[in-house]
Amino acid sequence: MTSYLSKQTVFRERLLNGEELIGMFVKTPNHMMVEVMGNTELDFLVLDQEHSPFDLFALDTCLLAGRSADMPMMVRIQQNTGTGMLYPLDCGATGVIVPHVATPEKAKEIASGGRYRKGNRGFAGTQRAGGYGTREMHEYIDQSDTENVIIAQIEDVEGVKNIEEIVKEPEIDCLFLGRMDLTVGYGAKTQHDDVIRETVEHVCKVARNAGKKLAAYSAPSEKDYLREQGVTVFAVGSEHNLIQKGISGLLSDF
């Protein structure tokens, strides 16, 4: 009997096969929010540790809630290091989104930190992902290396300059387009300025040629453009967006 949930088990396979996947960010560090969002037809959730107040205990309970709802759970980690990846994966995250991957060295570090046999991920079988010591070591290692997703966020001018080298890292599964940070980095006014569109199209072309999957934060109005660039993994907002729109809609209807 396995402790792994079916949707989590096939999530990386679906991503690598190029299926269109739609998910949302979670900004509220509370397990109940994850339970509510997990009882939907979304393909995944992202706990935003980078920009929201997720301490380790909240991260742990939210990942547990996601697993109970059979919802693949990604974590956008706060510290973009191999060590920063370790706790979310040990707690049972399906994968990690690593911010500010701007150099080949950083790409190699996070690729190595997310894999056992092809990397240097520190081993512990006594946490949730390892069944609290009840799983055979080789079985757990094989399943983790097969199922855990590593996504590198490209959001720096330096990362764009180094993109041809970054995509050569075989254990990075997907690139997440950080268009807002790129807008800041290039001194543009909005993410729709020509310089950002040209940059995004360049990164996407390099990624496609290297066989890398692409992810992006997307409004409904942008989905067709991003699909044309090869994006198959869409983050379509957060619970904060839904709450604000819901309140605005309620007030307008009242």
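The following legends describe close-up views of a predicted model.

**View 1. The largest nonpolar core and the surroundings of L45.** The largest nonpolar core holds 51 residues, and L45, L47 and L175 touch the most other members. Helix α10 (residues 194-209) supplies the largest share of this core, with six residues. Beyond its neighbours within four places in sequence, L45 is in contact with M24, V26, V34, M37, G38, M71, P72, M73 and M74. Another core, of 15 residues, lies apart from the largest one and includes L15, L21, I97 and F176.

**View 2. E171 and its charged partners.** E171 is placed in the loop between α8 (163-166) and β6 (174-177). With a relative accessibility of 12%, E171 falls under the 20% limit and therefore counts as buried. The side chains of E171 and R115 are joined by a polar contact of 2.7 Å. When neighbours within four places in sequence are left aside, the residues in contact with E171 are A111, R115, K118 and I150. A network of salt bridges links E171 with R12, R115, K118 and D173.

**View 3. The salt bridge between R179 and E222.** In the salt bridge formed by R179 and E222, the closest N and O atoms are 2.9 Å apart. The pair links distant parts of the chain, with R179 in helix α9 (residues 179-185) and E222 in the loop between β7 (213-217) and α11, 43 residues apart. R179 is buried, at a relative accessible area of 7%. E222 is likewise buried, at 9%.

View 4. E19 is partly exposed at 34% relative accessibility, and R14 is partly exposed at 21%. E20 is partly exposed, with a relative accessible area of 35%, as is R227, with 37%.

View 5. Six aromatic pairs are found in the whole structure. One of them joins F123 and Y140, whose ring centres are 5.9 Å apart and whose planes meet at 55°, so the pair is tilted. This pair links distant parts of the chain, F123 being in the loop between α5 and α6 and Y140 in helix α6, 17 residues apart. F123 is partly exposed at 37% relative accessibility, whereas Y140 is buried at 1%. Elsewhere, ring pairs link F25, F176 and Y217 into a cluster. K27 lies over the face of F25, 5.5 Å from the ring centre, and R197 lies over the face of Y225, 4.1 Å from the ring centre.

View 6. H100, although not a glycine, has a positive phi of about 50°. H100 is found in the loop between β4 (95-98) and α5 (104-113) and is partly exposed, at 30% relative accessibility. Y132, also a residue other than glycine, has a positive phi near 55°. Y132 lies in the loop between α5 and α6 (137-147); its relative accessibility is 53%, which is over 50%, and therefore Y132 counts as exposed.

Notes. Residues are numbered from 1 along each chain as its sequence is written. This is a predicted model: local features need pLDDT of at least 70, side-chain atom pairs count only at pLDDT 80 or more; totals for chains, interfaces and linings use all residues. Side-chain values use heavy atoms; hydrogens and water are left out. A nonpolar core is a set of buried Ala, Val, Leu, Ile, Met, Phe, Trp, Tyr and Cys residues joined through side-chain atoms within 4.5 Å. Buried means under 20% relative accessible area, exposed over 50%, partly exposed in between (1.4 Å probe, protein chains only). Helices (H or I, at least four residues) and strands (E, at least two) are DSSP runs, numbered from the N terminus. Contact means heavy atoms within 4.5 Å. A polar contact is a pair of N or O atoms within 3.5 Å; within protein, one must be able to donate a hydrogen and the other to accept it, and residues adjacent in sequence count only if both atoms are side-chain atoms. Rings of Phe, Tyr and Trp (its six-membered ring) pair if their centres lie within 6.5 Å; planes under 30 degrees apart count as stacked, over 60 as edge-to-face and the rest as tilted. A charge sits over a ring if NZ of Lys or CZ of Arg is within 6 Å of the ring centre and within 35 degrees of the ring normal. A salt bridge is a side-chain nitrogen of Lys or Arg within 4 Å of a carboxyl oxygen of Asp or Glu.
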